[in-house]
Amino acid sequence: MKTFNRVFTVLVFVFLYIPMVVLAVASFNTGSDIAVFKGFTLSQYTALFRDADLLRLLLNSLIIAVLSSVLATILGTMAAVGLHGARGRLRSAVMTLTNIPMTNPDIVTGVSLALLFAFAGTLLKINSILGFWTLLFAHITFNLPYVILSVLPKLSQMDPDLQEAALDLGCTPVQAFFRVILHEILPGVISGLMMAFTMSLDDFVISYFVTGSSFITLPVEIYNYTKKPIQPKIYALFTLMFLVILVVMVAMNLLQAQDARRKTRKRGVRI
């Protein structure tokens, strides 16, 4: 059974990452056919960094990803602290509402937000409301649950006496949060921030419905490239984006592993 599980796991990883390997190899190919490797070249990356339009779209995606992940982390951390102190049916109801954006199909979320923004535009008498702000609000919306679910476990693992000790020593509730609670839950906050950043950076479905012609992100524009023969420099762009997300995810896993080791050492000291 163990052998079967290992083989199955390997096959799953091969199925997931072979397409990325093919794209990475194609980004160094002198030819335009990804099925035939004619020679090694860096010209695709040179062409990518000379394309002002693609770099502008990439900057748009980075702006949205950074702003939405930071704002979602702040709001999500505050919401997690409030949920941690809640009890009973209120907590269950709020957690159910929090999980809806994660379980809901992206296309349903995107269409719902687009209709909401269109309704708001009608009330405010704004003809073209879709743009930067609607895109930012949409990204914050679907990033919030990931931050909340990253922070809540850290709050549950935290010693509840720490906050009371800080208050007894003269800290105000705000000082106790920033000096004690935030320090204890910081790994969860950073993990939520990284997760929100990666989710925002490569989101297409929701962004497609809430973006306007005045502000377009890279994934939405790449969709237009798929309607015609893809230029080889797009392979280079895909490869770089994959590497960035991979580095962020590895850093997040290392952070979680370090936090687990730190807690294990604390338990050993207490024993």
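The model is predicted, so local features need pLDDT of at least 70, side-chain atom pairs count only at pLDDT 80 or more, and totals for chains, interfaces and linings use all residues. Residues are numbered from 1 along each chain as its sequence is written, and side-chain values use heavy atoms, without hydrogens and water.

**Exercise 1.** Find where Ser-69 sits, and decide whether Ser-69 is buried or exposed.

*Solution.* 
- Start with the element: Ser-69 belongs to helix α3, residues 52-85. Helices are DSSP runs of H or I with at least four residues, numbered from the N terminus.
- Next, accessibility: Ser-69 is buried because its relative accessibility is 2%. The classes are buried under 20% relative accessible area, exposed over 50%, and partly exposed in between, with a 1.4 Å probe and protein chains only.
- Then its side chain: a polar atom there lies 2.6 Å from the backbone oxygen of Ala-65.
- Last, contacts (heavy atoms within 4.5 Å): leaving out residues up to four places away in sequence, Ser-69 touches Ile-64, Asn-143, Leu-193, Ala-196 and Phe-197.

**Exercise 2.** Describe the lining of the largest pocket.

*Solution.* 
- A pocket is an open set of points on a 1 Å grid over the protein atoms alone, where a 1.4 Å probe fits, with protein on both sides within 12 Å along at least five of seven lines; lining residues have an atom within 4 Å of a point.
- Count the lining: 13 residues, with Met-20, Asp-202, Met-241, Phe-242 and Ile-245 nearest the centre.
- Assign elements: α1 (2-26), α8 (173-201), α10 (218-225) and α11 (232-270) each give two or more residues. The largest share, four residues, is from α11.

**Exercise 3.** Locate Lys-125 and inspect its phi.

*Solution.* 
- Lys-125 is in the loop joining α5 (106-124) and α6 (132-157).
- Its phi is positive, about 60°, yet Lys-125 is not a glycine. Most residues other than glycine have a negative phi.
- Lys-125 is exposed, at 77% relative accessible area.

**Exercise 4.** Classify two of the aromatic pairs.

*Solution.* 
- Apply the rule: rings of Phe, Tyr and Trp (its six-membered ring) pair if their centres lie within 6.5 Å; planes under 30 degrees apart are stacked, over 60 edge-to-face, the rest tilted.
- The whole structure holds 10 aromatic pairs.
- Phe-132 and Trp-133 have ring centres 5.1 Å apart and planes at 80°, so this pair is edge-to-face. Phe-132 is partly exposed at 22%, while Trp-133 is exposed at 55%.
- Tyr-208 and Phe-209 have ring centres 5.6 Å apart and planes at 90°, so this pair is edge-to-face.
- Finally, one aromatic cluster is formed by Phe-132, Trp-133, Phe-137 and Phe-215.

How values were computed. Polar contact = N/O pair within 3.5 Å; in protein donor to acceptor, adjacent residues only side chain to side chain.
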